[in-house]
Amino acid sequence: MTHAQEQPERYTVVSADCHAGADLLDYRPYLASRHHDAFDAWAATYVNPFADLQAPEADRNWDSARRLAELEQDGIVAEVVFPNTVPPFYPSTSLTAAQPTAEEYELRWAGLQAHNRWMADFCGLAPGRRAGTFQILLNDVGAAVAEVRRCHAAGLTGGVVLPGVPPGSPVPELYSRTYDPLWAACAELDLPVNHHGGSAGPELGDEPAARAVFMVETTWFSHRALWHLIFGGAFRRHPGLTLVLTEQGSGWIPGVLDMLDYYHRRLVGAATRAATAPGARTAESKFGAGLAEAMGDGPRTVWERNCYVGASFMRAHEVPLRERIGLDKIMWGSDFPHDEGTWPYTTEALRTAYAGLPYPEVAAMVGGNAARVYGFDLPALDALAAKVGPLVSDVARPLAAPPPGATSPAFASGGSVRVW
């Protein structure tokens, strides 16, 4: 068989970052009946603060047929589905909401479980095409583990959406062993733990600078899950655990891994010298005490074995770092149906990032890696992609100029690798 025969005409594109949710009132049937009166009262006064969830295009979140058609028109054959709309009893999107207080917990938890039930039904409308994620809260680890098992049994293969734990939260930090039953269940069921960008930041208030500060800090707070779980030893105790960092960029990863390795060597080295030669004890040795035993392998080894990045609309300046990130770690995402997503210009976005790269590298980043991590049947998707996927020859051509009207940062001019 010749090389030309081996290489498909089209790419199989699996978006590792899409969003969906029910229309507000459609969550009601998914709530236990004892919560219906509270839901009716909440829904009667709730005003959605998001313009895109009030516009005619909002039904892309829940209209399965429209969604499939638009994604196929854009060359995408499967998707990992994160939440988007506001679940019952939440002030805004659940991805960015703070951990609930003890008084808020019961209704917030009921709201997330309603969303999870809806998500299972939504994914069931397109078998093999959607890996639905599901949401948990960390206030009650036992309840979270039970929900993991229930959602897995219901067919949600996208894994857990890990809540953010900003400083001052009413729950332990993510490095706490309190969460070991959760990591154990996810590892046992081969379910990824996803940490989505935009979560884990503290409340910033309404000062004029708040939005700018949010933009500067939001990805850093989202990245914290990586070093919390690494230094906390979660991957040593649960070597089958998978962590996916989504919609947080990808260019920061090599530098952060260098930094984490540096601190690991420095702190473990100081503690080891102090233990073997008390006269070599330094003020820094106390910061590394017990770290080697808790962690096991170093940060880079853990990344290479356990971690992935949902690199939504990977940008051209990040692509030269792909080998340092790991070609088997990168999963491209369209962020559909958000305004900052690549729809309806996904082929152009792929050209911007991947023009001129070898076919096997692009095929892995735009679909193969996500299919492996989230359990998609790649041969089945290949058959559909053979009809609707982006042409390999098109993606190979550099894009001279962004499409008129494109709003995605994928087409933003310039760009440099971020500190985080």
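Helices here are DSSP runs of H or I with at least four residues, numbered from the N terminus. In this predicted model, helix α4 (residues 105-124) holds both Trp118 and Phe122, which lie four residues apart, about one turn of the helix.

**Aromatic pairs and clusters**

- With ring centres required to lie within 6.5 Å, the count comes to 12 aromatic pairs. One of them joins Trp118 and Phe122, whose ring centres are 4.7 Å apart and whose planes meet at 15°, so the pair is stacked, planes under 30 degrees apart being the criterion for that label.
- Both Trp118 and Phe122 are buried. The aromatic pair of Trp220 and Trp227, by contrast, is tilted, with 5.9 Å from centre to centre and 50° between the planes.
- Phe39, Trp42, Tyr46 and Phe89 together form one aromatic cluster.

**Charges over rings**

- The charged end of Arg60 sits over the ring of Trp343, at 4.1 Å from the ring centre.
- The charged end of Arg108 is placed over the ring of Tyr90, at 4.7 Å from the ring centre.

**The two sides of helix α2**

- In helix α2 (residues 36-45), the buried residues are His36, Phe39, Trp42 and Ala43. Because these residues cover an arc of only 125° around the axis, they are on the same side of α2.
- An α-helix has 3.6 residues a turn, so residues three or four places apart point the same way.
- On the face of α2 turned away from its buried side are the exposed residues Asp37, Ala44 and Thr45.
- Phe39 and Trp42, which are among the buried residues of α2, also belong to the aromatic cluster with Tyr46 and Phe89.

**Enclosed cavities**

- The structure holds two cavities of 30 Å³ or more, and the largest cavity has a volume of about 50 Å³.
- Val165, Glu173, Leu174, His195, Ala200, Phe221, Arg224, Ala225 and His228 line the largest cavity, and by class this lining has five nonpolar, two polar and two charged residues. Helix α7 (residues 210-231) gives the most to the lining of the largest cavity, with four residues.
- The second largest cavity has a volume of about 40 Å³, and its lining consists of Leu68, Leu71, Glu72, Ile76, Val77, Ala78, Glu79 and Arg129. The elements that give two or more residues to this lining are α3 (64-73) and β2 (76-83), with the largest share, four residues, coming from β2.
- By class, the lining of the second largest cavity has five nonpolar, no polar and three charged residues.

**The second largest pocket**

- About 290 Å³ of space lies in the second largest pocket, which is lined by 22 residues, with Arg60, Pro337, His338, Asp339 and Trp343 nearest its centre.
- By class, the lining of the second largest pocket has 10 nonpolar, eight polar and four charged residues.

**An exposed proline**

- Pro404 is found in the segment after α17 (392-395), and Pro404 counts as exposed because its relative accessibility is 74%, over the 50% limit.
- From C-alpha to C-alpha, Pro404 and Gly368 are 30 Å apart in space, while in sequence they are 36 residues apart.

Key. Residues are numbered from 1 along each chain as its sequence is written. This is a predicted model: local features need pLDDT of at least 70, side-chain atom pairs count only at pLDDT 80 or more; totals for chains, interfaces and linings use all residues. Side-chain values use heavy atoms; hydrogens and water are left out. On a 1 Å grid over the protein atoms alone, a cavity is a set of points where a 1.4 Å probe fits but cannot get out, and a pocket is an open set with protein on both sides within 12 Å along at least five of seven lines; lining residues have an atom within 4 Å of a point. Grid points are joined across faces, edges and corners, and a volume is the space filled by probe spheres set on the points. Ala, Val, Leu, Ile, Met, Phe, Trp, Tyr, Cys and Pro count as nonpolar, Asp, Glu, Lys and Arg as charged, and the others, Gly among them, as polar. Buried means under 20% relative accessible area, exposed over 50%, partly exposed in between (1.4 Å probe, protein chains only). The arc is that of the directions from the helix axis to the C-beta atoms. Rings of Phe, Tyr and Trp (its six-membered ring) pair if their centres lie within 6.5 Å; planes under 30 degrees apart count as stacked, over 60 as edge-to-face and the rest as tilted. A charge sits over a ring if NZ of Lys or CZ of Arg is within 6 Å of the ring centre and within 35 degrees of the ring normal.
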